[in-house]
Amino acid sequence: MKLLVCIKQVPDLESRFKPDAAGVWYNETDLAFRMNEYDEYAVEQAVQLREKLGEGTELTVLSIGPDRVVEAIKKSLAMGCDNAAHIQDQAASAKDPWQIASIIAAYAKDKAFDIIFTGMQSQDRGSAQVGVTIAEQLGFACTTTIVGFDYVDGTITAKRELEGGIKGVVKLKTPALVTCQLGLNVPRYPTLPNIMKAKKKEIVAIPVADLLTEESLTTTASFHPPAKKGGGIVLEGDVADLVEKVIAILKDKTTVLR
Amino acid sequence: MNFELSQDHKVLQSAVRDFVEKEIKPIAMKIDEEHMIPDSLVTKMAEMGFLGSYLPEEYGGAGLDMLSYAIVVEEVSKACGSSGVLISAHTSLCSGPIYSFGTEEQKKKWLPALNTGEKIGCFLLTEPDAGSDAGGTATTYTRDGDHFVINGSKTFITNGGYLGTGVLLASYDRSLKHKGITAFIVDLSSPGVTILKNENKMGIRGSYTTAFAFDNLRVPVENLLGLEGKGFNVAMDTLNGGRIGIASQALGIAEGAFERALAYSKERKQFGQAISEFQAIQFKLADMWTSIETSKLLTYRAACLKDAKKSYTMESAMCKMHASETATFVTKEAIQIHGGYGYIVDYEVERMYRDAKITEIYEGTNEVQRVVISKLLLS
């Protein structure tokens, strides 16, 4: 079997973000980057399946971006991916989800992957469109936001997270693509011996120009910090009334009462 | 010159950081209070490969380099100085000399169990009356057939309480001073080994600091490490490497305290503004960070020199001396920035201050480091 996991490197979300010179994305200077959290679940699930299937299964990790993304690729290799494709693109952050998905689909189309894993969304752009668009372009079955995964004889059984904490179970035949959500698994730490072994694994570098054929469909017009928050919501009225209002807000805006 | 870590080292740094954040930081205070690193943490660190980072893969190590080892000790020590020194003493002071001076048979016999953490390593040099002056070693040995028989006592032995594997220095003729000293690999679970006590200390309280008595400890002749009478060389070479580990530990402790002081200075408000708005605090932060960065450059450089198989005696002495003095300075200032809260256990910087002090003392006091540095300058 052939497996592919697609990962993105994103800034540490604790960073202080400033708009770039054009005002359409964030300035990358001084930011620390790491693997997108949802992609870590995707890598872990792909590696678990790779281990379960054993010999004869090949797991490739793919990332698009400048040289710095090789760090995230190497982490995936240390977690257990077999080899990697680095699609070199200095301007990946300026591409829309359609273009990113098209690049990945162009890479994957003649490689006969059986299952593709992606994160549910990236932590920076957060479109959640790339995974489903790859599946559409390749004609793969697809399901999203999975929190449970099993594979037996050409059939994936995936548990999905629906709104309000409700779960659903779907079955899909390979070739298929799944997007992975928090709660699916606990990603392993790359151990030192595996970091060493990863140094010997192959990373194929492919210039993005070899795969890019599509124009962007959407353009980011502006990137700016949110307006300064006011003093929060001030509730008024008698106690019973206030309790009702607080419960309604907690139900609506948080998961604590679900 | 390039002062950037390689991508491989960055991957390692971030992996160790994630592990430390989730597995060590939450229990660092408990480790100090209970004077004990839980066995479960030692096992997890061993599984991560922290106990054999730079030892070759053929002996069960991770096969990385000295810089990787320095990064591991630094990152672990940011959260817990006790766990940092466990790794440092184990690797630099026990696996290190066995790898450098051992025969192929000795490496194959002893290193795999050390690298997997099945045995925790220690270095038995210091004695009640021989600390910085290793030539005064009073533990003696005699030959009896195919064994050596060791008698005497050792003190302040980091990791001793695990009763794992040790590299032990003993003399066959005390009148020969350092020329009479020989190194042995010893299994501390053998008859003739008694723990006199595990010391109760100011800091690194989770780490064992053990006093031993040896009463006719029989060591097979094949456990001789290096040549008879050449133990002093083994000890000096071992301490050279060990100083990079202690510098890394000190650096990590300093960074851990700095992170807390920086965050606290931005949160704490007095006179209507964050205390980080006051120049008195700003200057402290500037001095602390500059010391940390200079310590880091010296420590990484010493590690890179060792990796390049170049002379690093002066560099390891300098990084150990500077990083340890940085650790006591930065942790002290971190308490001052926290004010009264810094004196309270819950804020953890007081523990870091207590942990920092030992780094000026062990693996050669800073006075000894100054002797090493000045001797090399004047030779």
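Modeller: Start with the word contact. Two residues are in contact if their C-beta atoms, placed from the backbone, lie within 7 Å. Keep in mind that this is a predicted model.

Colleague: Now the helices. Why are α7(B) and α9(B) called roughly parallel?

Modeller: Set the angle against the cut-off. Helix α7 (residues 231–267) and helix α9 (residues 313–338) of chain B cross at roughly 25 degrees, and their axes come within 8 Å. Angles under 35 degrees count as roughly parallel. Therefore α7(B) and α9(B) are roughly parallel to each other. The crossing of α7(B) and α9(B) is left-handed. Their contact has 18 nonpolar, eight polar and four charged residues.

Colleague: And why is α7(B) called roughly antiparallel to α8(B)?

Modeller: Same test, other end of the scale. α7(B) packs against helix α8 (residues 279–307) of chain B at about 155 degrees, with the axes 9 Å apart. The cut-off for roughly antiparallel is over 145. So α7(B) is roughly antiparallel to α8(B). This crossing of α7(B) and α8(B) is left-handed.

Colleague: Which residues make the contact of α7(B) with α8(B)?

Modeller: From α7(B), they include I244(B), L251(B), F258(B) and L262(B). From α8(B), they include L285(B), M288(B), W289(B) and I292(B). By class, this contact of α7(B) with α8(B) has 13 nonpolar, five polar and three charged residues.

Colleague: How is chain B divided into domains?

Modeller: Domain 1 spans 7–115, domain 2 spans 121–232 and domain 3 spans 233–378. The bounds come from an automatic or database domain assignment. The C-alpha centres of domain 1 and domain 2 of chain B lie 23 Å apart. Their contact takes 23 residues from domain 1 of chain B and 17 residues from domain 2 of chain B.

Colleague: Which elements build the domain 1 side of that contact in chain B?

Modeller: α2 (28–34), α5 (81–101) and α6 (104–115) of chain B give two or more residues each. The largest share, 13 residues, comes from α5(B). That side of domain 1 of chain B divides into 14 nonpolar, eight polar and one charged.

Colleague: On to the strands. What makes β3(B) and β7(B) a pair?

Modeller: A pair needs at least two bridges. Strand β3 (residues 147–158) and strand β7 (residues 209–220) of chain B are joined by nine bridges and run antiparallel. For example, I157(B) has T210(B) as its bridge partner in β7(B). Strand β6 (residues 193–198) of chain B also pairs with β7(B), in the antiparallel sense over five bridges. There, V193(B) has F214(B) as its bridge partner.

Colleague: Why are β9(A) and β11(A) called edge strands?

Modeller: The sheet of chain A is open, with nine strands in the order β9-β8-β7-β10-β6-β1-β4-β5-β11 and mixed pairing. β9 (167–173) and β11 (203–207) of chain A each have a single partner strand, so one side of each is left without a neighbour in the sheet. The twist averages 30 degrees from one strand to the next. Inside the order, β1 (residues 2–7) and β6 (residues 115–119) of chain A pair in the parallel sense over four bridges. V5(A) stands opposite F117(A) in β6(A).

Colleague: Which strands does α2(A) lie across?

Modeller: Helix α2 (residues 70–79) of chain A lies across β1, β4, β5 and β11 of chain A, at about 165 degrees to β4(A). Helix α3 (residues 97–108) of chain A lies across β1, β4, β5 and β6 of chain A, at about 145 degrees to β4(A).

Technical notes. Residues numbered from 1 in each chain as written. Chains lettered and ligands numbered in written order. Predicted model: local features only at pLDDT ≥ 70, side-chain atom pairs only at ≥ 80, totals over all residues. Axes fitted to C-alpha atoms, helices over the stretch in contact; angles between N-to-C directions. Parallel < 35°, antiparallel > 145°, perpendicular 65-115°, else oblique. Left-handed = near helix turned anticlockwise from the far one by under 90°. Nonpolar A, V, L, I, M, F, W, Y, C, P; charged D, E, K, R; others polar.
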